[in-house]
Amino acid sequence: MAKNIQAIRGMHDMLPDQIGLWQRLEDGTRQVLESYGYREIRTPLVEVTELFKRSIGEVTDIVEKEMYSFPDSSGDSLSLRPEGTASCVRAAIEHGLLDQPRRLWYRGPMYRHERPQKGRYRQFHQIGVEVFGLEGPDIDQEVLFLTARLWRTLGLAALRLEVNSLGDAEERAAYRAELVAYLEAHHCHLDEDSRRRLLTNPLRVLDSKNPELREVIAGAPILLDHLGEASRQHFAAFCAGLEAAGIPYEVNPRLVRGLDYYNRTVFEWITDDLGAQGTVCAGGRYDGLVAQLGGRPTPAVGFAMGLERLVALLEAAAASAPEASPALDAYLVAVGDAAQAAAPTLAERLRDLAPDLRLQCHCGGGSFKSQFKKADRSGARFALVLGEGELARGVLGVKPLRGEGEQRDLPFDELGPFLLAARPTPISG
Ligand code: HAM
């Protein structure tokens, strides 16, 4: 027998039983984003490799080790996108979107050849936001308010917010020199990875997860102490906004982010319920990137959230409060040749009359008993019964499948309103 072909390691199918939470997350996020005036943008999954090198940075884990890159038939190096910011900036420059402030959002799969583990995949999904043309701390606050509102909407209470400021390029350069001197003085305590980073991207040493480096990192100079007046004020105003809005946060001076384009405000929303991969949403300001990619200098800020991680949190919440309502309103069964022939068109008519109706029409024939079994298994709240008699009278038998109640006849055009009115009131949260 031929060997089964399986999905690539770190890339997952999402099966129908899992899709409900994804839709709840995606729909809930879209609604919140639209209510703040953000507009969707869609960009290709594949870009020239150069785009990611120039934006994320040549000496980052993503570009050095994790990109799915390949030459196309004309020899150009292309890559599956590892994130969405670079493509968004490219598209904004290419299509002249930077003539006025823009609030954009996107969603879709991203690709990083990381070591798969819980919460870390090779194909994963993000919803991201990028705002162009606004430089004040007010817009940094807005993106944080928006995420905080989203967590409330989704009923995700236990997320922590960590914030930091990376200053501007000059401030970072001065800090970098001091950090390098400090790390060189502690060279013998560094691991191999940190020694390499010391030469290429020393700020990333602060992000090391090696517990043996904890002490050295704790003693390292702090970037926040090196901010100039303008960066300090920006950060103070941003934090004051969070306080005024009642959003608890913690300043984490070691928060540096794994992509090179950031400056000033950076932040991460973190959960303690998912083990090591606890960051569910992360981002910050990147005022230099548009110019770096050839556009005219344009301030920018954004974030992306990891949908697999958020779905895992929603899943845990759903397990403790299972959804009470079945997905389908009704399942239409038909007995006899004439009724079976008429059922699909009748179902269409019912859908025309009540577009919100969730109705499944039995296909494939079979006895009344076997159709009824399928109606029951579908999770629908009602079975709609169509026989020759009902067809002649212009009615359907309506039989409750959950709980008590007798079967009764209803005329076709009263069915939609009846079924919709019989829906249980949704549980909020
Ligand atoms: P990032 O921190 O690389 O930032 O990714 C954002 C989020 O995507 C992470 O916090 C995590 O939830 C999720 N994520 C990242 N890698 C994986 C993975 N391998 N498996 C599962 N989830 C993952 C960015 O991508 C920036 N583009 C965010 C941004 C937008 N900054 C400004 N604008």
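How many salt bridges does the structure hold? The structure holds 26 salt bridges. Please keep in mind that this is a predicted model.

1. Let's start with Glu114, which sits in the loop between strand S5 (102-111) and strand S6 (123-132). Its relative accessibility is 17%, so Glu114 counts as buried, the cut-off for that class being under 20%. Setting aside neighbours within four places in sequence, Glu114 has contacts with Glu66, Arg120 and Arg122.

2. One of those contacts is also a salt bridge: Glu114 pairs with Arg120, and their closest N and O atoms lie 4.0 Å apart. Both partners, Glu114 and Arg120, are buried.

3. Next, have a look at helix H12 (residues 337-353). Glu348 and Arg351 are three residues apart there, which means that about one helical turn separates them. The two form a salt bridge, with 2.7 Å between the closest N and O atoms. Glu348 is partly exposed at a relative accessible area of 42%, and Arg351 likewise counts as partly exposed, at 27%.

4. Elsewhere, salt bridges that share partners link Asp61, Glu64, Lys65, Asp193, Arg196, Arg197, Arg204, Asp207 and Lys209 into one network. Within this group, Arg204 and Asp207 form a salt bridge whose closest N and O atoms are 2.5 Å apart. Arg204 has a relative accessibility of 10% and so counts as buried, whereas Asp207 is partly exposed, with a relative accessible area of 23%.

5. Now to the surface, and to charge. Lys369, Lys373, Lys374 and Arg377 form a positive surface patch. Arg377 belongs to helix H13 (residues 368-377). With a relative accessible area of 68%, Arg377 is exposed; the class begins over 50%.

6. Which residues make a nonpolar surface patch of about 210 Å²? They are Leu45, Val46 and Phe70. Val46 is found in strand S2 (residues 46-48). Its relative accessible area of 32% makes Val46 partly exposed.

Terms used:
Residues are numbered from 1 along each chain as its sequence is written. This is a predicted model: local features need pLDDT of at least 70, side-chain atom pairs count only at pLDDT 80 or more; totals for chains, interfaces and linings use all residues. Side-chain values use heavy atoms; hydrogens and water are left out. Patches are made of residues with over 30% relative accessible area and no salt bridge: like charges are joined within 9 Å, nonpolar side chains (Val, Leu, Ile, Met, Phe, Trp, Tyr) within 5 Å. Accessible areas come from the Shrake-Rupley method with a 1.4 Å probe; for residues, only the protein chains shown count as cover. A salt bridge is a side-chain nitrogen of Lys or Arg within 4 Å of a carboxyl oxygen of Asp or Glu. Lys and Arg count as positive and Asp and Glu as negative; His and the chain ends are not counted. The place of a charge is taken as NZ of Lys, CZ of Arg, CG of Asp or CD of Glu. Helices (H or I, at least four residues) and strands (E, at least two) are DSSP runs, numbered from the N terminus. Buried means under 20% relative accessible area, exposed over 50%, partly exposed in between (1.4 Å probe, protein chains only). Contact means heavy atoms within 4.5 Å.
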